[in-house]
Amino acid sequence: MAERSLRGTNLSTLSLETDDGVTLSDRRLTRYACSEGHTTELPFSVEADVPSLWECRCGREAQLVDGPEPERKPVKPQRTHWDMLLERRSVPELEELLEERLTWLREQRGEKPRRKRSA
């Protein structure tokens, strides 16, 4: 029992199990290369589906060397605040709302009302 004492061991990071009787699955080394020239080698099981993209240590996407071209999903253009506003209101409605708010602000300041511009 003395040789299996827990005194002085770090239980959070060390395992007390041994590797006796454990058979590892067959593995293959896969290589990924990124646009910066970094190469990453990772072991995968021969039964595993190997991804065609992997994140490199520099943060860019690394592609499987001698592998199939990765499938790219179509990217939707980013919607701006103006795009979302135009989905709810037309430009003439926005101009009318702007004029109402400016009139209200001028009244709050005690300014004289301005005449509307003619187009």
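Modeller: Two strands are taken as paired here if DSSP finds at least two bridges between them. On that basis, and bearing in mind that this is a predicted model, there is an open sheet of 4 strands in the order 2-1-4-3, with antiparallel pairing. Strand 2 (39-45) and strand 3 (53-55) stand at the edges, and because each has a single partner strand, one side of each is left without a neighbour in the sheet. From one strand to the next the twist averages 40 degrees.

Strand 1, residues 27-34, pairs with strand 4, residues 61-64, in the antiparallel sense over 3 bridges. Within this pairing, Tyr32 stands opposite Leu64 in strand 4.

The structure holds 2 aromatic pairs. In one of them, the rings of Phe44 and Trp54 have their centres 5.8 Å apart, and their planes stand at 85 degrees, so the pair is edge-to-face, the cut-off for that class being over 60 degrees. Because Phe44 lies in strand 2 and Trp54 in strand 3, this pair ties together parts that are 10 residues apart in sequence; strand 2 and strand 3 are, as noted, the strands at the edges of the sheet. The two partners fall into separate accessibility classes: Phe44 counts as buried, at 14% relative accessibility, whereas Trp54, with a relative accessible area of 34%, is partly exposed. The reasoning rests on the limits used, buried being under 20%, exposed over 50%, and partly exposed in between.

To place the sheet in its context, the secondary structure of the protein chain comes to 2 helices and 4 strands, which follow the pattern β-β-β-β-α-α when read along the sequence. Helix 1 (residues 81-88) and helix 2 (residues 91-109) pack at an angle of about 100 degrees, with their axes 9 Å apart, which makes helix 1 roughly perpendicular to helix 2. In the contact between them, Trp82, Leu85, Leu86 and Arg88 of helix 1 meet Val91, Glu93 and Leu94 of helix 2. A further aromatic ring is involved in a contact with a charge, as the charged end of Arg101 sits over the ring of Trp104, 4.7 Å from its centre.

Among contacts between residues at least 6 apart in sequence, 18% join residues at least 24 apart.

Terms used: Residues are numbered from 1 along each chain as its sequence is written. This is a predicted model: local features need pLDDT of at least 70, side-chain atom pairs count only at pLDDT 80 or more; totals for chains, interfaces and linings use all residues. Side-chain values use heavy atoms; hydrogens and water are left out. Axes are lines fitted to C-alpha atoms, for helices over the stretch in contact, and angles run from 0 to 180 degrees between N-to-C directions. Rings of Phe, Tyr and Trp (its six-membered ring) pair if their centres lie within 6.5 Å; planes under 30 degrees apart count as stacked, over 60 as edge-to-face and the rest as tilted. Buried means under 20% relative accessible area, exposed over 50%, partly exposed in between (1.4 Å probe, protein chains only). A charge sits over a ring if NZ of Lys or CZ of Arg is within 6 Å of the ring centre and within 35 degrees of the ring normal. Angles under 35 degrees count as roughly parallel, over 145 as roughly antiparallel, 65 to 115 as roughly perpendicular and the rest as oblique. Contact means heavy atoms within 4.5 Å.
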